[in-house]
Amino acid sequence: MRRLALGALAAILVGWPWAAPSYLVFLASLVLVNAIVAVGLNLLSGYTHQLSFGHAGFLAVGAYTAAVVTTHVPALPVPITLLVAGVFTGLVGVALGVPCLRLEGLYLTMATLAFGFVVIEAILNLDTLTRGADGFAVPLARLGPWRLETDRARYHLVLVVAAVLVWAALNLVHSRTGRAFLAIRESEIAAQASGVPVAAYKTIAFAVSAFYTGVAGGLFAFVVGQLSPDAFDVFLSVDFVVMIILGGLGSIPGAVLGAAVVTVLHDWLAAFQAYRPLIFGLILVACMLFMPGGIVSALDARGGRRAS
Amino acid sequence: MTAAALVHVVMSGLATGSIYALMALALVIIYNATRTLNFAQGEMLMVSAFLAWTALRMGAPLWVAVVVAVAGSAALGFMIERLIIRRALAATHWDVLIITLGLSLVLRSLAGVIWSHDEFPFPSFFPSRPVALGPVRVVPISLGIIGASLTLMAVLYVVFTRTRMGRAMRAVAQNQRAARLVGISVERVSSMSWMLAAVVGAVAGVLIAPVIFLSTKMGLIVINGFTAAVLGGFGSMPGAVLGGMVLGVIENVAPLYLPSGIRHAVPFLLLIAILVLKPGGLLGRVQTRKV
């Protein structure tokens with residue numbers, strides 16, 4: 001039954017570009033990109049309880065890395081570019097995460113918030129590399145002889161990468177590392193006392209989360225094709241937080257679901273820009289007051305199952 | 001750079017610094033009662049400044065507008081605490097943090113719908129033309145902001161040391177359970193803290209609006225307020241004042257010696273630096289949590 005459902009889902013996802021108009025294919029790509037970020041953010045915030053308000057900064061680092069690499073080495077196959085973007089962003093994550101190890105709670109959150117602002121300023125100032133406020137036209141992604149020219153081709157690239165990363169995250173949270181993350185979330189002191197090296201695992205969480213977001217940033221660069229620093233402002237970071245809160249903290253399917261709802265809602269409300277933050281703000285408040293576990297735990301409570 | 005010019009820069013640094021200090025105080029007052037950061041503090045400031053502006057547009061004199069802002073913000077603080085925060089008090093501190101983040105989005109968006117996202121000029125009690133005091137040129141508005149802020153701080157000092165409610169607030173800040181045991185109503189303290197913080201923010205908003213223009217973007221000042229509070233040692237009220245002043249001066253003096261590109265990043269870099277190097281701040285102590 002479960003296999004059947006998964007198979008049907010895979011078939012729908014793969015077949016989507018042939019069934020839907022081009023704009024919805026583009027939107028689906030964005031959903032998947034955001035889903036990767038949400039899964040990455042959830043590994044950090046939902047699993048180790050280190051709330052980040054700076055993931056738009058990581059996304060920007062990944063996006064600009066991919067754009068710069070593709071511009072200078074056009075022949076590089078896209079998986080390598082994405083890997084470079086992910087690893088570089090992961091290193092930035094470690095560089096931010098290690099000094100932040102002594103911070104907890106809202107201090108860490110504020111440090112990540114400041115990081116997001118610093119990244120935007122850095123992009124504006126490194127204009128020889130990033131072209132600053134003028135915006136960066138990203139060259140087409142290449143995979144050997146193919147150039148990913150259509151929305152459909154780019155969608156399939158995003159789909160494959162998202163599938164691999166979500167599968168990896170599902171495995172990660174059931175591994176020793178995932179259990180260590182959860183132990184840290186429940187109580188850092190108890191985790192330390194039980195022999196979990198808290199500092200090492202918190203750094204790993206930061207690195208993995210930044211890696212995910214960096215890869216997503218690379219995909220974002222290719223899907224959107226045009227980068228500018230103001231696309232990565234603090235409100236994007238807040239959107240990511242809304243995704244994991246709405247979907248359910250500490251749940252990988254929840255993160256994907258939250259990303260889908262928020263991205264589609266964002267698109268629907270494009271005509272009502274002024275009301276968008278109002279609605280997302282209300283979602284945050286309402287989730288915290290009435291549905292603390294997000295959509296996933298609300299569904300589970302109804303179905304009588306426990307979240308995985 | 002001459003000494004006189006430096007005095008001028010430091011003076012305007014102290015003026016913005018006083019505003020940061022007031023923001024930091026508002027954040028600390030709420031932190032002490034609710035144990036969380038009020039992300040919506042900046043938006044509450046923005047809304048009160050807009051309330052004052054609406055009163056001005058209806059023909060009220062400036063002092064009436066200030067009264068409107070103070071009364072309106074107190075009502076707003078009261079409602080937020082009563083209707084939303086109190087329901088979540090039992091939750092963990094970051095649930096409340098996320099609620100205040102949501103509130104800041106809601107307030108900013110509503111303000112945009114009501115008053116638009118444009119920038120408006122805002123009148124001040126104090127003239128903005130510099131006057132010469134011997135060799136030094138000072139701007140009256142800077143002196144006015146510093147003076148008004150120091151007066152408000154003095155009032156707060158009296159409230160916190162001399163009044164029953166102020167002492168109750170300090171007791172709750174130290175130990176909520178013990179405060180409850182000696183008969184203090186923690187709920188009343190929480191309610192009063194939110195109102196007091198909103199009022200402090202309203203005064204800061206009315207003071208700063210003539211300088212940075214009135215707009216829905218004003219709310220971002222909460223980050224400078226937090227930086228100031230952390231700089232002084234989060235939770236400490238004298239620290240908040242000191243941190244605000246230091247941050248204001250650094251922000252104004254640093255661009256003279258730094259490349260212009262990183263000038264906007266100064267408060268953020270400073271926040272990261274202070275968090276990483278000395279999380280206890282200048283006056284605070286790092287709290288070690290007992291199991």
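**Exercise 1. The core**

Find how many residues the largest nonpolar core of this predicted model has, and which have the most contacts inside it.

Solution. Step one: the largest nonpolar core has 198 residues. Step two: those with the most contacts inside it are I36(A), A38(A), V39(A), L284(A), M23(B), L25(B) and A49(B). Step three: take L284(A) and leave out residues up to four places away in sequence. L284(A) then touches V242(A) and I245(A) in chain A, and I98(B), I99(B), L101(B) and G102(B) in chain B.

**Exercise 2. The side of chain A that touches chain B**

Determine how many residues of each chain are in contact, and which element of chain A gives the most.

Solution. Start with the count: 32 residues of chain A are in contact with 35 residues of chain B. Next, list the elements of chain A that give two or more residues: α5 (106–125), α11 (234–247) and α13 (276–290). Of the elements, α5(A) gives the most, with 12 residues. Last, sort the residues on this side of chain A: 26 are nonpolar, 4 polar and 2 charged.

**Exercise 3. Helix α6 of chain B**

Identify the buried residues of α6(B) and explain why they line one face of the helix.

Solution. First, pick out the buried residues of α6(B), residues 164–174: A168(B), M169(B), V172(B) and A173(B). Second, look down the axis of α6(B): these buried residues fall within an arc of 140°, so they line one face. Third, check the other side of α6(B), where R164(B) and Q174(B) are exposed. Finally, find the cover over the buried residues of α6(B): it includes α1 (3–34), α5 (140–162), α7 (176–181) and α8 (186–212) of chain B.

Methods. Residues numbered from 1 in each chain as written. Chains lettered and ligands numbered in written order. Predicted model: local features only at pLDDT ≥ 70, side-chain atom pairs only at ≥ 80, totals over all residues. Contact = placed C-beta atoms within 7 Å. Helix = DSSP H or I, 4+ residues; strand = E, 2+ residues; numbered from the N terminus. Nonpolar A, V, L, I, M, F, W, Y, C, P; charged D, E, K, R; others polar. Buried ≥ 20, exposed ≤ 12 C-beta atoms within 10 Å, placed from the backbone. Arc of directions from axis to C-beta. Core = buried A, V, L, I, M, F, W, Y, C linked by C-beta atoms within 7 Å.
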